[in-house]
Amino acid sequence: MTDMTVFDVLLWVAFPYVAAASFIVGHILRYRYDKFGWTSRSSQTYESKWLRWGSPMFHYGILGVFAGHVVGLLIPREWLYFIGIDEHTYHLGATWLGTVVALITIAGIVILLARRGAVRRITRVTTVMDVVMYVFLAGALVLGTIAVIQFQVLGEGYDYRGTVSPWTRSLILFQPDASLMVGVPLIFQLHVLCSTALFLIWPYTRLVHVLSVPVWYLFRPYVVYRSRDDHRGARAIRRGWEKSPVIESKHPKQKQRVGAGR
Amino acid sequence: MRVMAQMSMVMNLDKCIGCHTCSVTCKQVWTNRDGMEYVWFNNVETKPGIGYPRYYEDQERWNGGWIRNKRGRLKLKSGGRLKKLATIFSNNDLPTIDDYYEPWTYDYDMLVSAPQTKNGPVARPKSLLTGKDMSITWSGNWDDNLGGSQETAHGDPILDHMSEHVKMEFENTFMFYLPRICEHCLNPSCVSACPSGAMYKREEDGIVLVDQDDCRGWRMCVSACPYKKVYFNHKTNKAEKCTLCYPLIEQGKPTICSETCVGRLRYLGLMLYDADRVLEAASIEDEHELLDAQRSVMLDPFDPEVIAQAKRDGIADDWIEAAQNSPIYKLISEYKVALPLHPEYRTMPMVWYIPPLSPVVDVVSNSGADGEDVRNLFAAIDKLRIPVEYLAGLFTAGDTVPIEHSLKKLAAMRSYMRDINLGNDANENIAHAVGMTGEEIEAMYRLLAIAKHEDRYVIPKAHVESARDLEDFACSLDTDGGPGMGGARSTGDVLATARIPGTPIDATVESFHSLKNLTDPTEPSTSGRMNLLNWNGKGITNGMFPPPADSGSPA
């Protein structure tokens with residue numbers, strides 16, 4: 001491509017890969033060294049009345065946003081044509097569903113942020129990393145919503161499935177094509193960059209809890225049993241907590257499983 | 001039959017004087033940390049009263065424990081698995097910190113640093129959540145000794161189920177104390193509600209614990225526990241709970257709350273139970289039968305069949321012997337004087353209580369009659385409906401019969417032993433009236449009244465201990481904000497912060513440094529002052545006294 005600069009390659013190839021590497025390696029390191037810090041950092045014990053509205057709105061909204069992005073970015077449009085979803089149907093669905101979901105999500109995060117600012121107990125435990133994360137999270141949400149409203153609702157409609165989507169897939173397939181992103185409207189570009197930055201900082205924020213969705217709970221027996229010998233987690237066994245082979249051989253070790261404790 | 005062992009506790013409420021020593025010592029050991037200021041793994045409630053957290057017994061409000069559905073199966077009252085995941089973003093059954101109380105400290109510095117004024121300086125209460133001035137309106141035992149309970153106790157869910165007359169009268173009638181810890185249930189609803197699988201029941205001794213590395217702060221355990229004995233650490237954002245002092249139990253030592261109980265009213269020991277029958281017993285339809293159902297799950301440790309099966313299930317010989325000598329087995333299964341707390345929650349709790357006879361004795365004595373005469377006491381138990389019904393609401397899902405049996409045994413013991421103590425002939429009829437023999441009564445008296453240390457606590461050691469483990473015990477739970485009280489902040493701090501995550505702490509080195517600091521506390525916690533807690537009593541060290549007013553000029 002002739003009109004591609006080094007800067008474009010940095011923005012649309014290097015930066016996403018750096019973010020992806022940070023996302024993956026960061027999670028592994030955090031899991032390895034900071035399982036104790038891996039939590040949803042819920043503030044519900046401080047304040048519940050606003051959270052019970054804001055939190056489900058935001059979370060269900062963001063799950064919808066995620067689903068929409070999977071369909072729009074990862075699934076080639078030809079596949080959707082094949083199952084009968086043509087350009088027009090997709091456009092209508094994506095625009096209207098997308099707008100509704102985006103507004104719910106934004107309303108949710110506004111409630112949550114307002115609560116965080118207004119309730120001193122919560123403000124007091126908000127960390128710098130929380131603030132940084134909220135800037136990028138809210139930024140990506142707002143930029144994305146503006147893009148949808150400006151181009152899809154009010155404008156002619158921008159065909160991101162011809163540019164942004166193939167670019168996303170080109171990254172995943174390790175055949176990055178930065179030129180696809182060069183002519184994309186600024187607001188879409190900013191949305192993509194903001195989201196990429198969010199992925200970059202993800203593992204170092206409270207967002208780690210997203211990877212802990214406890215789906216396994218649905219399939220587990222209610223009561224979990226564990227032997228005191230079970231050592232789980234990545235920490236090295238601390239001195240004083242390792243098994244003593246001498247005494248163990250003297251007495252038969254109590255070892256018996258009930259249910260399917262992990 | 002599948003035999004499992006459960007470390008259990010019985011508390012003799014007749015002897016509880018409500019001194020809160022158990023709560024204080026427990027707090028010092030386990031919850032004296034940031035994020036846990038409002039938490040009492042052990043608390044003592046005045047009954048009647050609304051408890052801690054407020055109204056925790058009202059399951060219509062908190063949806064704790066289990067319910068039996070139409071098909072006769074148990075379901076978490078707060079909803080099944082799918083509902084748990086669907087409501088994971090906001091747990092509407094969760095108590096907020098205000099339902100416990102807003103923790104506070106005092107502006108102590110004001111007392112020494114205030115300028116000279118006409119009036120003495122005051123240490124004002126400051127909220128530990130906001131750092132601002134606050135007015136104290138509630139705490140962990142605000143209605144202690146029925147203080148202010150004219151205002152609050154009408155919310156006591158047990159009183160709610162009793163008549164209007166009782167509600168007006170209770171304050172003149174009776175009062176007793178209820179110390180509470182985690183129940184370490186056989187069918188724990190907290191464990192069952194944990195989406196992460198971070199909570200578990202230990203196979204060896206049944207202690208219910210939270211894996212601090214696995215907990216993700218979904219908070220379902222806090223609301224699912226009907227006793228509200230799982231707490232949310234608002235600094236680490238993880239669940240924490242009473243551990244039954246397992247590091248001590250594993251060494252054969254009693255828990256902190258038991259060891260420091262001045263009334264010597266706590267008993268610790270093993271119970272063998274049939275794990276296969278727990279669910280069936282917890283699902284029995286009639287709530288009044290839950291007590292007997294749970295008793296039937298407990299196994300007789302002298303039964304040769306049980307012993308053989310216990311051995312097959314990997315329970316060591318010394319543990320079986322400990323189960324045979326267990327004071328818990330005697331109180332629950334032999335004498336049948338101990339009763340579970342709120343069996344209607346269907347969690348099969350394993351901290352049981354001997355109901356207090358003292359309210360009854362007080363009434364008899366205050367009326368001028370002989371409070372140790374068995375006929376007077378029996379008549380009073382039959383006649384005094386208020387305490388009996390209240391106790392039934394607490395311990396037997398409303399069935400007064402087991403309460404009467406238990407109280408009558410205590411009354412019989414009182415009368416029977418009085419005759420002996422006065423040098424009269426023992427009256428076997430008293431023993432027979434409650435279905436016991438004189439010998440049994442005397443054995444029960446030794447256990448309940450004499451209550452020797454070795455009789456109260458029959459705790460077999462865990463089978464992995466070694467001398468070296470004991471040495472390093474002190475640092476094993478050291479994590480920032482973790483249950484190990486946040487590590488050696490003032491003494492061995494150099495090592496604590498410099499260590500690479502995941503590597504063990506060498507306690508020997510650390511204690512060496514601590515000792516060095518003790519002899520020369522050059523690093524006081526407040527600059528310019530000396531921490532007296534670290535002072536070894538030898539000599540004068542820096543910061544012990546304020547510098548001379550005019551250090552520049554000779555005196």
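In this predicted model, Arg346(B) sits in the loop that runs between strand E13 (339-340) and strand E14 (351-354) of chain B. The phi angle of Arg346(B) is near 60°, a positive value in a residue other than glycine. Arg346(B) counts as buried because 28 C-beta neighbours lie inside 10 Å, and the cut-off for that class is 20 or more.

With 21 other C-beta atoms within 10 Å, Arg41(A) is buried.

Helix H2 (residues 51-74) of chain A packs against helix H4 (residues 87-118) of chain A at an angle of about 145°, and their axes are 7 Å apart. The crossing of H2(A) and H4(A) is left-handed. Of the residues in this contact, 15 are nonpolar, nine are polar and one is charged.

Strand pairing brings the two chains together. An open sheet of three strands has the order E1(A)-E8(B)-E9(B), with mixed pairing. Its edges are strand E1 (225-226) of chain A and strand E9 (208-210) of chain B, each of which pairs on one side only. Between E1(A) and strand E8 (residues 199-202) of chain B the pairing is parallel, over two bridges. Within this arrangement, Arg226(A) stands opposite Arg202(B) of E8(B).

Chain B itself is divided into domain 1 (1-9 + 265-343), domain 2 (10-249), domain 3 (356-456) and domain 4 (488-534). The centres of domain 2 and domain 3 of chain B, taken over C-alpha atoms, are separated by 32 Å. Where these domains of chain B touch, 13 residues of domain 2 are in contact with twelve residues of domain 3. On the domain 2 side, helix H8 (residues 164-173) of chain B supplies the largest share, four residues. By class, that side has eight nonpolar, three polar and two charged residues.

The backbone of chain B also contains cis peptide bonds. One joins Lys47(B) and Pro48(B), with omega about 0°; Pro48(B) is placed in the loop between strand E2 (43-47) and helix H2 (59-62) of chain B. Another cis bond joins Tyr52(B) and Pro53(B), where omega is about -5°. Pro53(B) likewise lies in the loop between E2 and H2 of chain B.

Methods:
Residues are numbered from 1 along each chain as its sequence is written. Chains are lettered from A and ligands numbered from 1 in the order in which they are written. This is a predicted model: local features need pLDDT of at least 70, side-chain atom pairs count only at pLDDT 80 or more; totals for chains, interfaces and linings use all residues. Axes are lines fitted to C-alpha atoms, for helices over the stretch in contact, and angles run from 0 to 180 degrees between N-to-C directions. A crossing is left-handed if the near helix is turned anticlockwise from the far one by less than a right angle, and right-handed if clockwise. Ala, Val, Leu, Ile, Met, Phe, Trp, Tyr, Cys and Pro count as nonpolar, Asp, Glu, Lys and Arg as charged, and the others, Gly among them, as polar. Domain bounds come from an automatic or database domain assignment. Two residues are in contact if their C-beta atoms, placed from the backbone, lie within 7 Å. Two strands pair if DSSP finds at least two bridges between them. A residue is buried if 20 or more other C-beta atoms lie within 10 Å of its own, exposed if 12 or fewer, and partly exposed in between; C-beta atoms are placed from the backbone.
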